Amino acid sequence: MEQAREVHEIRVAIIGGAGFMGKAHSFAWALAAVQSDAPRRIVKQVLVELDADAASNAAAALGWLESSTDWKSVIDRHDIDIVDIVTPPHTHAEIARYAIERGKHVLSEKPLANSSEDVKTLVAAAEASSVQTHVGFNYRQNAAVQLAKQIITEGRIGQPLQARFEYHQDAAFGAMGWRAHKATGGSGASSDIGSHIVDLANFLLGRVTKVSAVLQVLSLSEDDDHDVDDAGAFLAHFETGILGVFSFSQKAWGQNNHIRFEIDGTEGALGFDWNRRDELDVYVRSETGNAPRGFTTVHVDGDTPGTWFDLNGVGTGYLESSANQMIQLVAAITGGTANSPTFSEGAYVQRVIDAVWSSDESGSTWVEVAEE
Ligand code: SOE
């Protein structure tokens, strides 16, 4: 039921909120509501799920005021400002377009869609409107990643020459649910987790122009039924001339959501490891001298963008980085501040993944990333 609206509130509806990502976003919205200094109070208004019991149970457990089974009628409501989409990726485009056309701001989980056509029409709809859009590439919001960006931008490691990005998990040894098949929205490790490292590379170093890829479908038993890739790797050329090496797998034992990158520059180097996510390994030749020639481990502190406390060393995690994207989106809506990654950047990531798929299909030939 639509409620009388108070101008000092910004109301959110989450679509598909009963799963893992619904839980993560629900917690993150709660943190953002406390942490945001936007002039409007964030309200977790409605949680939508197709099944009525799942919807009301999840809404109660995760702190949403109402539940619904009808995403269209929720988006139609005048008191909803932001639509947060955490459904499987093949449904993102339809829901996001519906929301944009009704003037709603949209946060969509990644990947933005599973097809180039969908991302094209989505970006066109977003560009034709005045709404804010944001894609849930939360890892770039991590404080140590922000510090890496700062160091690169300041030129402290000089001109980047080569970069290696990795994302390894053991998730595909377990039940993959909808992720196992294309028909239910699955798009493989290449897209599910590969998209995260393509976004990190874009954030830190800019765009990739062409790729040469190989993907692996690893069926380990008769029960291991799926039609999407489990793992793969690709070489990439960036438009700045950097050589990139990307590796990803969801069948890698012992790898606990293991995102890593290393960036070699003319004057130094950086290294990041999500399992030590408050730290950055830094080597700046002019600051360290020639001896000892090794990395210094720097801890993020209260001044690093993305941290929340003045007290150094209390740490940040998955939920803080997720909440940072909500805080940024709300600040952009209420104060016109910068907001990134938008749908346009999400569409670029999808074009890189499309090029990875085409390259693998054509025997790892180099494939150009489409410009639009
Ligand atoms: C896959 O296992 C997954 O849940 C991704 O879909 C998320 O985006 C990632 O951050 C955690 O792992």
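1. Starting with the lining of the largest pocket: its residues split into 12 nonpolar, 7 polar and 8 charged. For the classes, Ala, Val, Leu, Ile, Met, Phe, Trp, Tyr, Cys and Pro count as nonpolar, Asp, Glu, Lys and Arg as charged, and the others, Gly among them, as polar. A word on the source: this is a predicted model, where local features need pLDDT of at least 70 and side-chain atom pairs count only at pLDDT 80 or more, while totals for chains, interfaces and linings use all residues. Residues are numbered from 1 along each chain as its sequence is written, and side-chain values use heavy atoms, with hydrogens and water left out.

2. More on that largest pocket. It holds about 520 Å³ of space, and 27 residues line it, with Gly16, Val86, Thr87, Pro88 and Thr91 nearest its centre. Two or more lining residues come from each of α1 (20–35) and α4 (92–101), and α4 gives the largest share, 5 residues. Helices here are DSSP runs of H or I with at least four residues, strands are runs of E with at least two, and both are numbered from the N terminus.

3. How pockets are found: on a 1 Å grid over the protein atoms alone, a pocket is an open set of points where a 1.4 Å probe fits, with protein on both sides within 12 Å along at least five of seven lines; lining residues have an atom within 4 Å of a point. Grid points are joined across faces, edges and corners, and the volume is the space filled by probe spheres set on the points.

4. Which pocket does the ligand sit in? The ligand is in the second largest pocket, where "sits in" asks for more than half of its atoms within 2 Å of the grid points. This pocket has about 320 Å³ of space. Its lining counts 18 residues, and Phe20, Tyr167, Gln169, Arg179 and Asn257 lie nearest the centre. By class that lining is 9 nonpolar, 5 polar and 4 charged.

5. Around the ligand you'll find Phe20, Lys110, Tyr139, Tyr167, Gln169, Ala171, Arg179, Asp192, His196, Gln250, Asn257 and Tyr318, each with a heavy atom within 4 Å of it. This shell has 5 nonpolar, 4 polar and 3 charged residues.

6. Now the polar contacts (pairs of N or O atoms within 3.5 Å). Polar side-chain atoms of Lys110 lie 2.9 Å from a ligand oxygen, those of Tyr139 2.6 Å, and an N or O atom in the side chain of Gln169 is 2.7 Å from an oxygen of the ligand. The protein covers 90% of the 310 Å² of accessible area that the ligand has on its own, by the Shrake-Rupley method with a 1.4 Å probe.

7. Two cis peptide bonds to look at. Lys110, part of the ligand shell, is joined to Pro111 by one with omega about -20°, and Pro111 is in the loop between β5 (105–108) and α5 (116–127). The other runs from Ser340 to Pro341, with omega near 5°; Pro341 is in the loop between α10 (318–335) and α11 (343–361).

8. Lastly, positive phi. Asn257, not a glycine, has phi of about 45° and lies in the loop between β10 (243–249) and β11 (258–265). Ser364 has phi near 65°, in the loop between α11 and β15 (367–368).

Methods:
Polar contact = N/O pair within 3.5 Å; in protein donor to acceptor, adjacent residues only side chain to side chain.
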